[in-house]
Amino acid sequence: MIARSKILLIEDDTAIATILRRILAEEGLEVVLEQRGDQGLDRASREHFDLVITDVRLPGLNGLDLVRQLHEAKPLLPIIVMTAHGTTETAIEATKFGAYDYLVKPFEMPALLELVGKALESSRAMSDPVKIGSAESDGNAIVGHSRAMQNIYKEIGRVASKPISVLILGETGTGKELIARALYHHSERAQAPFVAINCAAIPETLLESELFGHERGAFTGAEFRRIGRFEQAHNGTIFLDEIGDMSLSTQVKLLRVLQEKTIQRLGGKETIPVDVRVIAATHRDLALSMQRKEFREDLYYRLSVVVMKLPTLRERPEDIPDLTSYFLQKYGKELGFPQPSIQPDALEFLQTQPWPGNVRELENVVRKVLLLARGFSINLDHVRAALSKLSTPISSVDQSLKTLVSDLLFAAQRGELDDAHNRILQMAEREIFNQAIQLAHGNQAKAARWVGVSRLTMREKLTQFGIHPSQDQTKF
Ligand SMILES: Nc1ncnc2c1ncn2[C@@H]1O[C@H](COP(=O)(O)OP(=O)(O)OP(=O)(O)O)[C@@H](O)[C@H]1O
Ligand SMILES: [Mg+2]
């Protein structure tokens, strides 16, 4: 769950509101409650929220009108509609008018949390513009000035604003999703929705209904109508991630949608016009898939008006220093090591690695290295340890504790330190409070429970060590 996200809950039933508020706050989310539809709309229009969760039957203004008006005013703000059985049709209408999705009461909390997670993810993808070619450290930039990356930036500049289909190819972890978001943010549709679907993550049987929707009774279990993602993305952008994993029968349907610019919900007769810009991505070799008859050529030609092939990390080792310092900044802040530094030989070593997982792998290694170095300057041993696939978590903790103690004693020998005992206890203490609060997404009550201290102690320690988790969201 994305910590620090702010949710507006519009619900007039106090009992339900209280439970939802508690559950969401436990996830580290900040929840603001409104009990009337008109006041909810007013508040959402004035203040910034990452997500709105609303009931359908509300005093002042009903949920459907609320969705319609709010979506018009703030098309990038996701809205989840909660509905009782009697008003389900209304909730479905709401998804036509821009609601992200709906839940039928009574629902299980994990289902709500899963949906909230997805909606927040989608909200983040839309609202944080990706900066191109910049190393600013807010964690939302495409970094690298190698020639290969500069060609990519030029290509983004050339095609982003045109409503043409783009196919992004590249090995795993090369930044396909990041580039897709950059294309969206630099397009004329940046103020309209960006709807991302991972075709590999959705079971084949459900993917068609996810994309195109279905009518009630279209198949067993289709208890209600569902509005598909294409219909929801009308006037916006759809990102079909891992398109190489789509089954042939879904490919046929997708091709028809792209050719005719209309959709038909599964089991439906109505033809609905959709104007959607398509960006697709895959790590697969589509030429090979076509040879094997696993991917349709006609679909390939539709999608590949522009093809962007992302370079692997080993093709551009000159970008590794920039990427490393970008991730050091990003995770240094997050893990509580504000000024991380790395020694030149360690950095050189990183540049010689094969990086089968590309930028994502480098990102993970940098994160690990930061934890191993614990605020000290990162050296070759830290990097080797982080790269070693053999080290089990336990022994690596052991190992890094040993290294930490010997570093401290070494500093003491040189006369740079005279309180080694105190220092190590403090470091260990700081580490457990820091990790716990991060893991709990800023929820102090939860973190305190895990560490085995009172909430008061937790708060005192956070202040003492200057750890700044997401704001105290446990108050309600
Ligand atoms: N050039 C880059 N600059 C900064 N961060 C990057 C860059 N390329 C990738 N990343 C980061 O690396 C991670 C993986 O990127 P992304 O998810 O876009 O890759 P992908 O190609 O979609 O991978 P997969 O095929 O596994 O889905 C993300 O955290 C992303 O932010
Ligand atoms: Mg991806």
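In which loop is the place of Pro 106? Pro 106 sits in the loop between β5 and α5, where helices (H or I, at least four residues) and strands (E, at least two) are DSSP runs numbered from the N terminus. The structure is a predicted model, in which local features require pLDDT of at least 70 and side-chain atom pairs count only at pLDDT 80 or more, whereas totals for chains, interfaces and linings use all residues. Residues are numbered from 1 along each chain as its sequence is written, chains are lettered from A and ligands numbered from 1 in the order in which they are written, and side-chain values use heavy atoms, with hydrogens and water left out.

One open sheet consists of 5 strands in the order β2-β1-β3-β4-β5 with parallel pairing, two strands being taken as paired if DSSP finds at least two bridges between them. Its edge strands, each pairing on one side only, are β2 (30-34) and β5 (101-104), and the twist from one strand to the next averages 20 degrees. Axes are lines fitted to C-alpha atoms, for helices over the stretch in contact, and angles run from 0 to 180 degrees between N-to-C directions. Helix α3 (residues 63-73) packs on this sheet and touches β1 (6-10), β3 and β4, its direction making about 175 degrees with that of β4; contact here means heavy atoms within 4.5 Å. Helix α5 (residues 109-127) likewise packs on the sheet, touching β1, β3, β4 and β5, and its direction makes about 170 degrees with that of β5.

Within the sheet, strand β3 (residues 51-55) and strand β4 (residues 79-83) run parallel and are joined by 4 bridges, with Ile 80 in β4 as the bridge partner of Ile 53. Parallel pairing also links β4 to β5 through 4 bridges, and Thr 83 stands opposite Val 104 in β5. A right-handed β-α-β unit is made by β4, helix α4 (residues 88-96) and β5; a crossover is right-handed if, with the strands pointing away from the viewer, the path from the first strand over the helix to the second runs clockwise.

Another open sheet of 5 strands has the order β9-β12-β15-β8-β16, again with parallel pairing. Its edge strands are β9 (194-198) and β16 (306-309), each of which pairs on one side only, and neighbouring strands are turned against each other by 15 degrees on average, direction ignored. Between β9 and strand β12 (residues 237-241), 5 bridges are found in the parallel sense, and Val 195 stands opposite Ile 238 in β12.

Around ligand 1 there are 18 residues, of which Val 143, Thr 172, Lys 176, Arg 360 and Glu 363 come nearest, a residue being near if one of its heavy atoms lies within 4 Å. A backbone N or O atom of Gly 175 lies 3.1 Å from an oxygen atom of ligand 1; a polar backbone atom of Glu 177 is 3.1 Å from a ligand oxygen atom, and the corresponding distance for a polar backbone atom of Leu 178 is 3.1 Å. The protein covers 87% of the 630 Å² of accessible area that ligand 1 has on its own, as computed by the Shrake-Rupley method with a 1.4 Å probe.

Two backbone features remain. Most residues other than glycine have a negative phi, and most peptide bonds are trans. The peptide bond from Lys 105 to Pro 106 is cis, with omega near -5 degrees, while Glu 242, in the loop between β12 and α10 (248-260), has a positive phi near 55 degrees.

Definitions and conventions
Polar contact = N/O pair within 3.5 Å; in protein donor to acceptor, adjacent residues only side chain to side chain.
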